[in-house]
Amino acid sequence: MQFGVGDFSGQRPPASPVAHRQLYAELLDQAELIEAAGLDSMWVSEHHFAEDGYMPAVIPIVAALLARTARITVATDRLAASLHDPIRLAEDAIALDLLSGGRFILGLSLCYRDEEFRGFGVEASTDAQRLEELVPVLRAAFDGGSATIGGREVRITPGPATTAGPKLMIAADGDHGAARAARLADMLMVDPTEPWKVVDEAVMAFDRERGNASGELVLFTYGALSERGRKAAWSDVADGFRYMRHNYDRWMGREPTRDLPPSHYRLLLGTTDEVAEQVSEYGRRYGDRVHLVLRCNYPGMSAVAVAEQVRLWGSAAEKARSARGC
């Protein structure tokens, strides 16, 4: 199993005294902390036109994080495919692969915010189609440098550092998301809001479409750690979690979630020993192909608080590895 931290969103809640310049500087320090904690990856998330400055330009940020680290993977967890020019994205992904020696993963997803479709002049009804048309362009660019788009052939140079280019990940969104990931991507991503039943079904659909059970699974989860126990862990992140959840609720046109943390979430919550034991359920269900990504950094949290969460998550991950003998 592998262990990561995400997603980093660069949000600044209205009452926060921290400017975005400082938040971005802290991202670089946090990348170093994740590497020092023995964790495997750092994930960033994209949105546009948000009042709190939710991170819109993830590609240059990934480049900076890769330059600041030597070992960990840095990845996009939800880059909204419809909002990106395929050739430009292929060139950017290859550049990140070259800069990092293969430490970049390009995670793609559908888009859902009307503001983003309008802002980029994209018809919402074409969203899934644009994602499916994007991936062959990326694959062609990664494989041989020649990609065809809109009836024109374009030669993309230079080629990537790794043989097949950066790994592609697609989120298991909607009824066909897992099957889409199996057809088009190397890795399946499942959202942290999904309960075990939905994860099981997504993994089964992914494996069935692939024809094997060896595809990589990137499973996101929410949570927090404290050596004072589960209640203390939740208390340390509750305000940031609430802001995050209610912000997403508003974007999705829903009433604010009342019961926090939601009981159906697959939370990793408690001491390092307790979280290491909770991690074991992922190994039991899906084996060592799991890349487990914990969001323990929430909008408005101080850099000191995030650093402590990263340290504790690194300790829990090491205990989980030892328990599995890896």
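There are 27 salt bridges in this structure, where a salt bridge is a side-chain nitrogen of Lys or Arg within 4 Å of a carboxyl oxygen of Asp or Glu. Before I go through some of them, a note on the source. This is a predicted model, in which local features need pLDDT of at least 70 and side-chain atom pairs count only at pLDDT 80 or more, while totals for chains, interfaces and linings use all residues. Residues are numbered from 1 along each chain as its sequence is written, and side-chain values use heavy atoms, leaving out hydrogens and water.

Salt bridges, then. Arg68 and Glu32 meet through their side chains at 2.9 Å, N to O. Which parts of the chain does this pair link? Arg68 is in helix H2 and Glu32 in helix H1 (residues 20-36), 36 residues apart. Helices here are DSSP runs of H or I with at least four residues, strands are runs of E with at least two, and both are numbered from the N terminus. Arg68 has 31% relative accessibility, so it counts as partly exposed. Glu32, at 37%, is partly exposed as well. On the terms: buried means under 20% relative accessible area, exposed means over 50%, and partly exposed is in between, with a 1.4 Å probe and protein chains only.

Glu281 and Arg285 have their closest N and O atoms 2.7 Å apart. Both lie in helix H9 (residues 272-286), 4 residues apart, about one turn of the helix. Glu281 is partly exposed at 21%, and Arg285 is partly exposed at 30%. These two also belong to a network of salt bridges with Asp200 and Arg284.

The other one is Glu308 with Arg311, at 2.8 Å, N to O. They sit in helix H10 (residues 303-324), 3 residues apart, again about one turn. Glu308 has a relative accessible area of 34% and Arg311 one of 46%, so both are partly exposed.

Now the rings. The model has 14 aromatic pairs. Rings of Phe, Tyr and Trp (its six-membered ring) pair if their centres lie within 6.5 Å; planes under 30 degrees apart are stacked, over 60 edge-to-face, and the rest tilted. Take Phe49 and Phe120: their centres are 5.6 Å apart with 40 degrees between the planes, which makes the pair tilted. Phe49 is in the loop between strand S2 (41-45) and helix H2 (58-68), and Phe120 is in helix H4 (residues 114-120), 71 residues away. Elsewhere, Tyr222, Trp234, Phe241, Tyr265 and Tyr298 form one aromatic cluster.

Arginines also lie over rings. The rule asks for NZ of Lys or CZ of Arg within 6 Å of the ring centre and within 35 degrees of the ring normal. Arg113 lies over the face of Trp251 at 4.0 Å from the ring centre, and Arg266 over that of Trp196 at 5.9 Å.

Last, the interior. A nonpolar core is a set of buried Ala, Val, Leu, Ile, Met, Phe, Trp, Tyr and Cys residues joined through side-chain atoms within 4.5 Å. How many residues does the largest core have? It has 92, and Leu108, Leu292 and Trp313 have the most contacts inside it. Helix H8 (residues 230-251) gives the most to this core, 8 residues. Apart from this core lies another, of 10 residues, among them Ala75, Met189, Phe220 and Val293.
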